[in-house]
Amino acid sequence: MNFSLNEDQTSLLTGLDQLLAAEAPPAPTEPVFTEYAHGLDAVLSESGFLDIAREDGFGLLDAALIVERLARLPQTVEAASTAIIAPALGLEPGLRPVALTSGNPLRAARYLPMAKMLIVDRGDDALILSVDPARVAPVETLFAYPYGRLTEVDEGAGTVFADVALLRRVWRIALAAEAAGCMASAVATVVEHVSTRQAFGRPLGAFQAIQHRLAMAAETTESAKWLAFRAAWSGRDDDAAIAAGFVQARIPQFTFDLHQFSGAMGLTLEYPLHYWTYRLRALVGELGGSTGQARAAAVAAWGDAA
Amino acid sequence: MEFGWSADEVAHRERIRSVLNRMLPDDWEEIALHGPGSDAQTDFSYDFCSALADEGLLIPNWPSAFGGSDEGVWRQFIMAEEVWSAGEPRGPQYMNINWIGPVLMRFGTADQQDRYLPPIREGRAIWCQGFSEPSAGSDLASLRTTATPVEGGYRVSGAKVWTSYAGRADTCFLLARVPAVEGAATGKTAIVILLTDMKSAGIQVKSIPSLIGDGDIHEVFFDDVFVPEANRLGAEGQAWEIITFALQNERVGIPRYEFSRRILDRAVGRLKADGRWADPVVQDRAGRALMLCEAARMLVYRIVDARARDLPPDAYGAVARWAVVLADNGVNDFLTEFLPEGLLGEDPVQQAHHQRAIAAGVASGAAEIQLNLIARRWLELPGEGGRR
């Protein structure tokens, strides 16, 4: 048991931070729902960071560390599916960004407008499709991810992936790591706001009503992070379902509180909070939501049969 | 970063389980029902802790200079997980091992160590902590019990309340305030710690009937009780430093989530036996309780890891304690809704868990104090006056 980064992980994250310092675009200056960091996406693709789980001596935990760190950015860039899901499924590197959806392949999917690949959880199996940009319609949404949906699909042209349990396991890990990073930045943003915004003669953050709920948000953020990292390390079904389910269950209260403490400013697009909270709200419903994960965790821990 | 156990740690856990299986009697669940402060569990703790000492498992975490085995922090914590999940058969004596002994080793005089440590390491000492008062609970610094200096020691007057184990304790780890005189220290620096013999003249103990088990909480009245100066722990003015050290050990020394996880496993077994496990609502709720247990586990492990690596203590203990309170109560809520018969005489272990869970956010100071600490020391939010 060791919660500190090892030398390789320290080097990895130091290198990523240096890359982000040089290549991450400044926070959006225009009020937008979301901004995809195309330039950073290209640099990340070339850098090898997103393929770390494929390297000898590294694995999904190292990928999760990277995903959590990238999710803290105000802009979004597809990393979780490329770094965690694709290597675990044994998919060839390079075909990215990767979009995910469940059920009908025509459902709206995160990152589909720029995706090269779409993975569809069809219940009994998964379908892996190459994405033709000409057949993608962007979807307008409050969620802070670029969404799109296929205008038509030829399921026969896709590749069937039989181990849907593996897909769900690593999807849960990817979701948990991404959500943990979003939570970290959301809390930091609101802590800064309530530390400087004055009301009734003192900073908002001096009021205990706000302090206590922000403290709870901090506990949520820390729990989400360590559960995600443990799941990435162990690769166990129960750990993955617990990590994703925990964060999905906490997101509603977490996002409510953080917007509440930001007042009307938190409802504007010029205030950056929505970059993280509206990614979190998008993640709430994936894979059956917290109920789906809670049941999956229960079955993984105790079995389904009487 | 990795989250597994070494082969040595796995073997250590297996050995402890084996010892517990061998040492716990068939009627242990009935004994545990009455709570760690009960006469039944206190009596049992003498035999159990003595036998545990013979196995070298009572104080292995203590330094060898004090009779321990210099065991690492993680091995100590594995022990704590296993005994807590078994219902804490060490009874009131867990406290001696977790923090009374370590505090005495760090701050006690040689005479105090010679007097108090042997009974602890032999499993025959019961202590109580005289902290809370009718007007000073979580706000410990406002305590009013007085320790008036007299020739050769102090005269103590006042009252303590919620005092666990006081009815059977040999010694009280007592906090009292030296009355202010002109030019003397006030506030926290006026507090002294007196290792007080509970058989001293002037001490009266009154048990308070409660929801959390027999013998767990008491009122203790001190009427002009003489305590020799040799029984003062640390120098005058040093008490707050000692208390802070003690609470750091106390608050994270109990892996409550492990008992909650065990009771959850047990509950699922009962639901399966009753044919109720296939209900998706039951599975959903059980899964949510499980998530809370595992979140608490990870945050507590993060503290233990920091201690194992000798990192300075930070506010993470408060973060973890809040998670532990949520886990205890989340499991308790699940049990109460889906297995209410456990509180109707059918499951003494569930009742014991319930009694611990309802106290989880109150014992060792209100959990809201932990939220204050997270806000101020972890998030660095401004204080009530507006300053960071």
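Student: In which hand does α5(A) pass α6(A)?

Tutor: A crossing is left-handed if the near helix is turned anticlockwise from the far one by less than a right angle, and right-handed if clockwise. Here α5(A) passes α6(A) in a left-handed crossing. Helices are DSSP runs of H or I with at least four residues, strands are runs of E with at least two, and both are numbered from the N terminus. This is a predicted model, where local features need pLDDT of at least 70, side-chain atom pairs count only at pLDDT 80 or more, and totals for chains, interfaces and linings use all residues. Residues are numbered from 1 along each chain as its sequence is written, with chains lettered from A and ligands numbered from 1 in the order in which they are written.

Student: At what angle do the axes of α5(A) and α6(A) cross?

Tutor: Axes are lines fitted to C-alpha atoms, for helices over the stretch in contact, and angles run from 0 to 180 degrees between N-to-C directions. These two axes cross at roughly 155° and come within 8 Å. Therefore α5(A) is roughly antiparallel to α6(A), a term for angles over 145 degrees.

Student: Which residues does A:A176 touch?

Tutor: Two residues are in contact if their C-beta atoms, placed from the backbone, lie within 7 Å. Leaving out residues up to four places away in sequence, A:A176 touches A:A224, A:L227, A:A228, A:A231, A:A243, A:A244 and A:V247.

Student: How many residues does the contact take from chain A and from chain B?

Tutor: Chain A gives 43 residues and chain B gives 42 residues. On the side of chain A that touches chain B, the largest share, 15 residues, comes from α6(A).

Definitions and conventions
Parallel < 35°, antiparallel > 145°, perpendicular 65-115°, else oblique.
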